Amino acid sequence: MERRDFLSIASTAAGAALMVAPAMAATKKKRPDFLWGTAGAAYQVEGGNIASDLWVMEHVTPPLFADKSGDACDVYHRYEGDIALAASLGFNTHRFGIEWARIEPERGQISDAGLSYYRSVLETCRRHGMKAVVTLSHFTVPRWVAATGGFTDPANVRAFAAHCARIVDALGDLIHLAITFNEPNLATVVRWSGLSEKYRPYIEAAQKAAGVAQNAPAWSSPMLAGERQYDGIVAAHSKALEAMRTAKARFPIGLSLAIPADTAAGGDDRGLKRKQADMLDRWLAAPGDFVGIQTYTGGEVGPDADMPPAPGTEVTQMGYAFTPAAIEGAIRLVATRTDRPLYVTENGVATEDDSRRIAYIDGAVAGVERCLADGIDLRGYIHWSLLDNWEWVAGYRPKFGLVAIEPKTFRRLPKPSAHHLGKIAKRGGLG
Ligand code: BGC
């Protein structure tokens with residue numbers, strides 16, 4: 001039932017007394033374990049991840065990226081304040097990434113300082129009563145992994161599994177949920193958008209230039225390799241899962257997937273069906289304890305590609321249609337294809353106009369509540385992102401954050417949307 005309909009029934013005396021009470025019990029069920037949080041990725045916020053492959057890719061010419069990540073949000077030094085801020089706003093969950101290159105800057109060389117850094121981050125989460133959702137690979141890998149071909153090299157697949165087991169040994173007691181790979185299916189979504197072909201020559205030139213700079217002819221940054229590393233990534237995920245279980249991980253482990261919520265253009269759903277199968281089947285068939293859903297938009301799909309947003313559509317700073325309802329569509333789509341528990345591990349909007357972010361949040365959370373009311377096993381809503389941060393090729397222009405960063409001082413400036421979503425989190429829903 002729509003909230004609007006619910007309110008109109010509730011305003012009649014008979015409805016309030018008879019029909020509404022059971023409906024209310026169903027929709028307002030207390031969910032103390034539901035995760036309400038924000039998400040970030042190590043490379044996008046920590047700053048100075050110089051041992052990672054993307055640092056190399058950022059420094060080739062001609063540049064692929066609008067800005068260099070540089071100091072990013074300096075989360076590396078400021079995580080304590082950020083976690084305290086997120087907790088004080090009302091969130092119970094903090095999703096962050098562990099940068100593999102900080103733990104293993106060269107093949108087989110383990111940094112105890114790197115491990116102890118992430119232990120401090122996790123302890124800070126615990127001190128503030130925040131559940132820690134950890135991403136083990138959020139688009140970046142150590143340089144030495146890219147240097148030998150990324151996940152096309154079986155030695156790197158094994159190294160990732162060993163790294164994940166190491167994380168369980170050193171940090172597992174403080175982890176609530178772990179994502180092995182963030183959006184490993186993104187290249188498929190990008191292919192359907194028509195952008196892969198457009199950018200392919202530039203990306204290939206940049207990969208080649210990075211290989212020359214590193215004296216590594218096999219160089220391939222997984223994030224920019226299109227769909228070519230998929231087999232290796234599935235193998236790395238599966239082996240990591242196995243290694244983590246052998247290391248006695250006591251938390252759920254899964255993949256998070258990019259899932260736009262689309263519709264068929266012109267009533268012909270053949271393209272839509274193919275796109276959904278392309279972007280989901282192989283990943284939902286991979287082993288795991290849950291599925292992470294990451295949705296920003298949705299649009300119409302034609303026979304072979306996405307259609308551009310219709311003229312007059314409100315678009316975000318990313319050029320996506322402004323679609324708060326997309327997350328509900330994505331949750332429902334995945335729920336028909338898996339029995340695993342679901343988490344929204346990313347959802348958000350890039351805008352300078354924070355009132356549109358608030359509208360987006362309200363629309364998204366209303367959809368989440370409808371899914372819960374329908375009995376879908378959804379266990380969390382994690383918003384992208386706590387901070388305005390480095391948005392990959394788009395640099396620092398898109399503003400996804402609930403909190404702005406003052407240039408140079410790195411001072412955190414919470415926006416009205418931070419308080420708005422924080423209150424929803426504290427209340428456990430729109431109320
Ligand atoms: C990624 C994030 C990214 C966000 C917004 C997701 O695809 O996981 O790293 O910043 O979308 O574009």
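These legends describe close-up views of a predicted model.

**View 1. Helix 5 packs against helix 7.**
Helix 5 covers residues 75-89, and helix 7 covers residues 112-127. Their axes lie 9 Å apart. The angle between the two helices is about 10 degrees. Angles under 35 degrees count as roughly parallel, so helix 5 is roughly parallel to helix 7.

**View 2. Residues at the contact of helix 5 with helix 7.**
Helix 5 contributes Val75, Tyr76, Tyr79, Glu80 and Ile83. From helix 7 come Tyr117, Ser120, Val121, Thr124, Cys125 and Arg127. By class, this contact has 7 nonpolar residues, 2 polar ones and 2 charged ones.

**View 3. The shell around the ligand.**
The ligand is surrounded by 13 residues. Gln44, His138, Asn182, Glu183 and Glu391 are the closest. What classes of residue make up the shell around the ligand? There are 6 nonpolar, 4 polar and 3 charged residues.

How much of the ligand's accessible area does the protein cover? On its own, the ligand has 310 Å² of accessible area, and the protein covers 94% of this.

**View 4. Glu183, with a positive phi.**
Glu183 is not a glycine, yet its phi is positive, at about 45 degrees. Where does Glu183 lie? Its place is the loop between strand 4 (177-182) and helix 10 (186-193). Glu183 is also one of the closest residues to the ligand.

**View 5. The cis peptide bond between Thr61 and Pro62.**
Thr61 and Pro62 are joined by a cis peptide bond. Its omega is about -5 degrees. Pro62 belongs to the loop that runs between helix 4 (53-58) and helix 5. Helix 5 is the helix that packs with helix 7.

**View 6. The cis peptide bond from Trp384 to Ser385.**
Here the peptide bond from Trp384 to Ser385 is cis. Omega is near 15 degrees.

Notes
Residues are numbered from 1 along each chain as its sequence is written. This is a predicted model: local features need pLDDT of at least 70, side-chain atom pairs count only at pLDDT 80 or more; totals for chains, interfaces and linings use all residues. Side-chain values use heavy atoms; hydrogens and water are left out. Axes are lines fitted to C-alpha atoms, for helices over the stretch in contact, and angles run from 0 to 180 degrees between N-to-C directions. Helices (H or I, at least four residues) and strands (E, at least two) are DSSP runs, numbered from the N terminus. Angles under 35 degrees count as roughly parallel, over 145 as roughly antiparallel, 65 to 115 as roughly perpendicular and the rest as oblique. Contact means heavy atoms within 4.5 Å. Ala, Val, Leu, Ile, Met, Phe, Trp, Tyr, Cys and Pro count as nonpolar, Asp, Glu, Lys and Arg as charged, and the others, Gly among them, as polar. A residue is near a molecule or strand if one of its heavy atoms lies within 4 Å of it. Accessible areas come from the Shrake-Rupley method with a 1.4 Å probe; for residues, only the protein chains shown count as cover.
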